[in-house]
Structure formats: structure tokens, C-alpha cells
Amino acid sequence: MIKKLIVCCTCLSILGCQTNVNPLNSIFQNNVVTSSGCGDKPTVSLTGKDVEAVALDENTITKSGQVSVNKHIGYTFTATTGQKLNYSTDADICLWVFTPNNEIIDGGELPKNGKYIIQVAAPQGVKTFDLKISLGNLETAVSTPTPEYTPTSESTPTPEYTNTSENSTDNTDKNYESNLEPNNLQPENDISQEQALELVQRWYAAKPQIFAPPFDRDLLGELATGRLYARVGGVDGSIDWLQKYNRYYTYNRSEVTSIMGFSNSGRLPYIKVRVLQELYLHGEKGIDQTNSGVYENDYIYFFAKENGIWKIYKNEKI
């Protein structure tokens, strides 16, 4: 049963507030514990390493983790007045949502522009959870199929790597990058070019298992997070679309042929690569020749840390 308390600025340094008084003192005082075992306020202060920045929109994303009474996890996101926060979980956890001015709310319509924090804990023991979050309706979010390189309609799917969205500017990602706090939420960019290349190569090696039976979401989760995970493994994402229409991809060839650039100095480190692929989209009538063949394209892969592990956050065609 989800506990609909909501996240506050458990660590004011995360939201950029400055004060000489411990702001958590007022939060922890007079904490009322409900029958569920969750207090109306958290009793643990989050630090920067415990908080993950997520980019939320109408697409539903799923975050997973493990919490206890003393070990809390936080997710921070930027929203504007009037947007609606939706979240859902089957796990027995405590959850609080904090507004930009450190008030605890119950979700729903958000009252202010700025950064919000969702803080998650366990009422007792250790709990593992999957938490669905969006700034839209959980039942109707992502109404259009969005495979990794998404077919734009049921009857005329575009090739896996020719979705126009790959070439467009993603304001959500821009907001994600520009709103990371430099000293608190910015990942430690200790990823090397060799590590970045290896991660991209592992991604291409895993695609036959992700975009065809067994449609391995666990393998996807080992390699992807953020926008890429949501687009492929999220609600109505690539995997859902392929399964719904009884389709799958096979790959005769997938390789990175050259590296065109690398940077680990920004908030999201990236690598630019040229990729050669021979792929085939299979359906009930056989191979879809329109969306199959040999493709050579340039891509940029952005990386973010999830629980201390570097993963692919998003990719774009250059």
C-alpha cells in the first residue's frame, strides 16, 4: 500500500537554500506516526549522493531501489505551477513530496515553480520498491508508441533509427541538465572514453535480447536509465509496442566504426560515435523491407550515474 506523504527539501543544500539553522529540526519535531508506520515527516536527512535527478513529463518512468528506516532515497525534479504529480507503487514504503519552499504535499497539482524532492523510506526493516512517476495521468500517459526509434503509426512504422524525435530538441533533457546543482547533484564525471565506448558496445550487443524475445527489461536496466530506459522499457515503449503488434528485430551486424568525440566535463558526459548496423524488422507477414536494411549513422550517447553505476541516459542522432 503506498503511503501518500510527499517529499520535502530534506537537504536544503540540494535546493540551494542557505541558512545558519538546521532546517530539519522543525521537520523532525512533533513527528506523528500513522498506523502504517510512516511518520508525517521523514526522520532522516538526505545527502547529495542519496538524491537522483530525474526528468519528468507525461511519460511514466519507473524507479527502483532499496530503502530502510535509516537509509532513505530521494528523487528530485523540476516542475511548474499547475503540473500534476502522479506516483504509484505496490511496495510497503513511506513517501514524502517536498515543494521548492520545503512544504510537504500530497501530490496532485503542484503549487510552485522549481525543484521538488520525492523522499522514500521503509516503515520497518528493508524494502525493495518499484515506483512509477509522471507529470501526467498514470493511466493515459504515453498514449503514442515510443520504441527506441519509434514507429510513428501502427501501419507504417519507421526504421528503428529514423524516428524524427531523435533529431529534435528535447526541452525536458535541457531542463534536466540546466537544473542540476553543480556542487550537490552533478555526477562525478569519472567515466573515461574507454568506459563510455564499452558501455555503448554492450548496448549494441544486448539489443538482440532487448528488441526481440525474451525482450529482456532486466538487461535493459543494467545498461540504460532516464530517457532511454523510459523510451524502451517504459509504458508503451519499444518493448510494449513490439509485443503488442507481434514484431521483433534481428541484427546481422552492429558495430561502432569510429569515435568522433568524447567529453566528461559537463553535467552529462557524452561520446559521439558512428554506427553501422544491418537490422531487420519482423512481423506476421515476414520481414518489413521498408524498415530493414543496412544503416550507417552518427549518434551521441549521454551518460548518468544510477546508484553509483554509469549507464546510458539518452541517445540522439547527430
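Is serine 134 buried or exposed? In this predicted model, serine 134 has a relative accessibility of 0% and therefore counts as buried, the limit for that class being under 20%. Serine 134 is part of strand E9. Beyond residues up to four places away in sequence, serine 134 touches Asp57, Glu58, Asn59, Thr60, Lys84, Leu85 and Asn86.

Leucine 135 lies in the loop between strand E9 (126-134) and helix H3 (171-178). Its relative accessibility is 8%, so leucine 135 counts as buried. When neighbours within four places in sequence are left aside, the contacts of leucine 135 include Leu56, Phe77, Thr78, Ala79, Gln83 and Leu110. Asp57, Glu58, Lys84, Leu85 and Asn86 are also in contact with leucine 135.

Helix H4 covers residues 193-210. At 1.5 Å a residue, its 18 residues should span 26 Å, and the distance of 25 Å between its end C-alpha atoms agrees with this. H4 has a kink of about 30° at tyrosine 204, shortly before proline 208. Buried residues of H4 include Ala196, Leu197, Leu199, Val200 and Trp203. Tyr204, Ala206, Lys207 and Ile210 are buried in H4 as well.

The largest nonpolar core has 35 residues, and those with the most contacts inside it are Trp203, Ile210, Phe211, Val232, Ile271, Tyr301 and Phe303. Two or more residues of this core come from each of H4, helix H5 (217-223), helix H6 (226-233), helix H7 (238-244), strand E10 (248-263), strand E11 (270-283), strand E13 (293-306) and strand E14 (309-317). The largest contribution, eight residues, is that of H4. A second, separate core of 25 residues includes Val67, Ile73, Tyr75 and Leu110. In soluble globular proteins, nonpolar side chains tend to be buried together.

Strand E13 is mostly covered, with 11 of its 14 residues buried. E13 runs antiparallel to E11, and 10 bridges join the two strands. Isoleucine 300 in E13 is the bridge partner of lysine 272. E13 also pairs with E14 in the antiparallel sense, over eight bridges. Here tryptophan 310 in E14 is the bridge partner of lysine 305. The hairpin of E13 and E14 has two residues between the strands, and asparagine 307 takes a positive phi near 55° in this hairpin.

Terms used. Residues numbered from 1 in each chain as written. Predicted model: local features only at pLDDT ≥ 70, side-chain atom pairs only at ≥ 80, totals over all residues. Heavy atoms only, no water. Helix = DSSP H or I, 4+ residues; strand = E, 2+ residues; numbered from the N terminus. Expected span 1.5 Å × (residues − 1). Bend = angle between axes of the 7 residues up to and from the residue. Buried < 20%, exposed > 50% of the residue type's maximum accessible area, 1.4 Å probe, protein only. Contact = heavy atoms within 4.5 Å. Core = buried A, V, L, I, M, F, W, Y, C linked by side-chain atoms within 4.5 Å. Pairing = 2+ DSSP bridges.
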